[in-house]
Structure formats: structure tokens, C-alpha cells
Amino acid sequence: MEFRPILNALMRNKTGLLLIALQVAITLAIVCNSVFIILQRIEKVNRPSGMDESALFTVTSLGFASDYNLRNTLREDLDALRSIPGVVDATTINSVPLSNGGWSEGLSTQPESVPEEQRSNVQSAVYMVDEHGLNTLGVKLVAGRNFTADDVTYRTKNDKGSPHSLIVTQALADQAYPDGNALGKVIYTSIGGKNGPLTIVGIVERLQAPWVGWEKVENSLLVPQYQDGEFDSGSSRYLVRTEPGRRDEVMKQAEAKLGAINTGRIVRGLRSIEEVRGDSYRQDRAMTIVLTTVILSLLAVTGLGIVGMVSFWVTRRVKQIGTRRALGARRFDIRRYFMIENVIVVGLGIVIGLLLTYGFNLWLMKHYELPRLSWYYAPLGALTVLLLGQLAVFGPATRASRVSPAVATRTV
């Protein structure tokens with residue numbers, strides 16, 4: 001089929017041609033970048049935390065009685081929690097993973113005596129647990145050992161406890177010691193009240209930081225310490241791991257048991273880690289839903305726009321179609337004519353849309369620190385829009401192919 005008649009026909013409808021082409025271009029640019037953002041968010045939401053999330057919950061105790069003794073209560077509470085049927089283990093913890101609230105610390109592999117400009121600093125989340133911390137979290141120890149009871153110290157307002165050992169994630173170990181062999185090496189930090197060395201005694205495969213939007217979310221370390229009134233003389237937080245399927249049952253028992261042990265405190269903040277994750281990633285899920293709705297709406301509007309424009313062109317060309325049918329054109333030829341015409345229109349929109357796609361991505365990179373759009377999004381988006389256009393034009397083109405030569409002749 002010759003393209004000249006098609007181009008001549010399109011040039012007589014420049015306004016419609018430009019409107020559809022621009023609509024396709026805008027749709028392509030928004031769809032490509034939206035799909036990219038959606039997949040980024042889905043990957044972020046579904047990344048593993050390293051914990052046994054489905055079996056974990058947290059509970060907070062806040063003492064108010066004048067004779068409330070936090071150190072004694074810590075031991076009593078942990079013994080009570082571990083004795084509940086269905087509990088795998090329990091530990092104290094200073095902050096909850098994935099909760100968007102916690103404690104971070106700057107670390108270095110060189111002491112303070114080394115000039116600041118020569119020290120390599122690494123940021124990490126800090127979790128304070130006892131010797132039951134690893135088993136409670138359900139993290140995987142890939143090198144070294146767990147804490148022992150002798151490693152655990154008490155951290156008070158005036159005494160930081162001077163811990164000597166710590167356990168780090170594999171990501172933090174690789175960042176602090178890129179050459180490997182981080183096990184047994186030291187890290188300098190102020191966790192113990194001074195920038196003294198702490199020895200890496202263990203490495204876990206993964207444990208995410210509390211801040212789900214942090215670029216260093218895989219950087220975490222565990223310190224063997226109890227917090228004994230450092231910030232609040234009556235506050236303590238516990239993390240409990242249960243047997244599979246028994247979390248909700250144990251949560252009720254834990255709340256009741258802690259309340260019965262000591263009436264001079266309030267037991268609150270009972271939450272599963274799955275609930276914590278859901279709250280922290282709520283905005284990401286909402287964005288995914290909104291962008292998916294925008295994509296579907298844009299594709300629907302673009303498809304309807306093509307249907308409407310082609311239907312209008314078919315109505316205006318009834319005589320032309322009838323004449324071609326009278327001269328021997330088959331139904332297939334008429335349908336093909338409109339579908340090729342649509343390929344030209346959509347193709348023009350795709351060319352403009354590709355420029356808009358990358359331009360929009362550069363703007364997002366600059367203002368929202370999004371990564372560069374992967375190369376395959378644009379061609380896949382272009383193919384999707386092209387197929388959408390062909391699907392949209394098929395109905396009006398088929399209707400045009402059914403125009404009878406006799407009916408067209410009677411309109412002359």
C-alpha cells in the first residue's frame with residue numbers, strides 16, 4: 001500500500017493528528033516513568049528485612065510507681081516472657097526495626113588520634129539486645145559467634161556500660177572493611193561513652209535499619225546492652241518471637257502476664273512487626289495504587305481518544321471508502337488502511353514521547369533523587385502504546401470495512 005494517500009489524508013486533519021500524537025506522547029512519558037517508580041516501590045516494600053517478621057511482636061513497659069526498679073523488672077519480664085507457651089525467645093531492644101524511629105551511630109575503623117580527613121566514617125543503625133537477641137530476631141549468623149551473658153552490660157544515664165563486642169550485618173562489614181575479613185577487627189565508636197574500640201565478634205547476613213527510606217538501610221549493628229534508665233527511668237521495650245502461627249495468641253498472654261507481674265507500670269505498644277512494616281511502607285503502597293490508577297486511566301483515555309478520532313475520520317470518508325470498495329478494494333484493504341494510518345499517528349507520538357520520557361526522568365532524578373530509567377522501559381512502553389493504538393483502531397477500521405459499495409454510491 002502506498003503511504004502518500006495516507007499522509008495526504010492525515011495532512012487534511014492536522015489538528016486531530018497533533019492532538020492524538022501529543023496524547024500518545026504524554027501517555028508514553030508518564031506510563032514509562034510511573035511503571036519504573038511502581039516497580040522501584042514494589043522492590044523496596046518486598047525486600048527482606050532479615051528477621052522472622054511473621055512471628056515477631058513488640059511490647060513496651062512504662063513504670064510509674066515510686067519504688068519501680070527497672071533493672072529488676074527487666075530480668076523478671078524477660079523470664080516471664082520466655083516462659084509463655086509458644087514463645088521461642090525474647091529480648092530487650094532499644095528500637096524496633098522497620099519502625100522509622102531509632103538510633104544511628106557514626107563508626108570508623110581508625111581511632112580519634114587519626115586526623116578527621118583521613119578517617120573513613122560509616123553510618124549504622126544501633127540495636128541494643130542481650131544474648132538472646134539473635135535468636136529472637138531470627139537473623140542468620142554467617143560468621144563468628146553470638147553474644148554471651150558475660151558480654152552484656154547495663155547502660156545507665158551516667159555509665160555507658162563500656163561494651164567490648166558487637167555484631168554487624170554483612171553489608172556494614174563490607175563497607176567498613178572492603179577487603180573482607182571484618183570478623184575480629186575493631187570499630188571505633190562512642191557507643192560505650194568514648195571512641196574506644198569494639199571488636200566484631202559476629203556477622204549476620206541481614207538486619208535492616210529502622211528507617212525504611214534510608215539508603216544505608218542494610219547497615220545495622222547489635223550491641224550487648226540493657227538500657228537501664230538512660231533516657232527514661234521506667235521505660236523498657238521487649239521483642240518477642242513466637243512459634244509459627246501462635247503470635248496473636250501469645251501477644252494477648254504477654255500483655256496480661258506483664259501487667260500481672262508488676263502493677264506499678266503501664267503495658268502498652270503491643271504491635272506485631274508485620275503491622276510495623278505495614279505502617280512504615282503505607283506511603284509507598286499508596287503511591288503504587290495512585291500511579292497504577294493514573295496509568296490505567298491514561299491508557300483508557302488515550303485508547304478512547306483514538307477510537308473517537310478514527311470513528312470521526314471514518315464517518316467523513318464514507319464516500320472515499322465506498323468508491324474504493326466499488327473499485328475492488330477488499331474489506332481487508334480498508335481495515336489495513338486505517339490501521340497503517342494509526343501506526344503513523346501513534347509512531348509520531350512515540351517519537352515525541354521518547355524525548356518526553358527521558359526528559360521527565362532527568363527531572364525526577366534531579367528533584368527527587370530517583371535512579372536513571374533503565375533502557376528497556378522506553379521500547380517496552382512504546383510497544384505497549386503502539387499495541388493499544390492498534391487495538392483501539394481495530395473496531396472503527398472494521399466498521400469502515402463493512403461499508404457497502406452500493407450504500408456509498410447512493411450518497412453521491
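User: Which domains does the lining of the largest pocket draw on?
Analyst: At least three residues of that lining come from each of domain 1 (3-46 + 282-410) and domain 2 (65-263), where the domain bounds come from an automatic or database domain assignment. This is a predicted model, in which local features need pLDDT of at least 70 and side-chain atom pairs count only at pLDDT 80 or more, while totals for chains, interfaces and linings use all residues. Residues are numbered from 1 along each chain as its sequence is written, and side-chain values use heavy atoms, with hydrogens and water left out.

User: What counts as a pocket here, as against a cavity?
Analyst: Both are sets of points on a 1 Å grid over the protein atoms alone: in a cavity a 1.4 Å probe fits but cannot get out, whereas a pocket is an open set with protein on both sides within 12 Å along at least five of seven lines, and lining residues have an atom within 4 Å of a point.

User: How much space lies in the largest pocket, and which residues are closest to its centre?
Analyst: The largest pocket holds about 710 Å³ of space, a volume being the space filled by probe spheres set on the grid points, which are joined across faces, edges and corners. There are 25 lining residues, and Gln-40, Arg-41, Lys-44, Asp-284 and Leu-370 are the closest to the centre.

User: Which element gives the most to that lining?
Analyst: Helix H2 does, with eight residues. The elements giving two or more residues are H2 (14-46), helix H8 (282-316) and helix H10 (331-368), with helices (H or I, at least four residues) and strands (E, at least two) taken as DSSP runs numbered from the N terminus.

User: And by class?
Analyst: The lining of the largest pocket has 12 nonpolar, six polar and seven charged residues; Ala, Val, Leu, Ile, Met, Phe, Trp, Tyr, Cys and Pro count as nonpolar, Asp, Glu, Lys and Arg as charged, and the others, Gly among them, as polar.

User: What about the second largest pocket, which strands supply its lining?
Analyst: Strand E10 (220-227) and strand E11 (235-242) each supply at least two residues. About 260 Å³ of space lies in this second largest pocket, and its 16 lining residues include Asn-94, Gln-227, Ser-235, Ser-236 and Arg-237, which lie nearest its centre. By class, the lining of the second largest pocket has five nonpolar, eight polar and three charged residues.

User: What lines the second largest cavity?
Analyst: Ile-20, Ile-306, Met-309, Val-310, Trp-313, Asn-342 and Val-345 line the second largest cavity, which holds about 30 Å³. H8 gives the most to this lining, with four residues, and by class the lining has six nonpolar, one polar and no charged residues.

User: Changing topic, at what angle do H7 and H8 pack?
Analyst: Helix H7 (residues 273-280) and H8 pack at about 55°, with their axes 4 Å apart; axes are lines fitted to C-alpha atoms, for helices over the stretch in contact, and angles run from 0 to 180 degrees between N-to-C directions. H7 and H8 are therefore oblique to each other, given that angles under 35 degrees count as roughly parallel, over 145 as roughly antiparallel, 65 to 115 as roughly perpendicular and the rest as oblique.

User: Which residues meet there?
Analyst: Arg-277, Gly-278, Asp-279 and Ser-280 in H7 meet Arg-282, Asp-284 and Arg-285 in H8, contact meaning heavy atoms within 4.5 Å.
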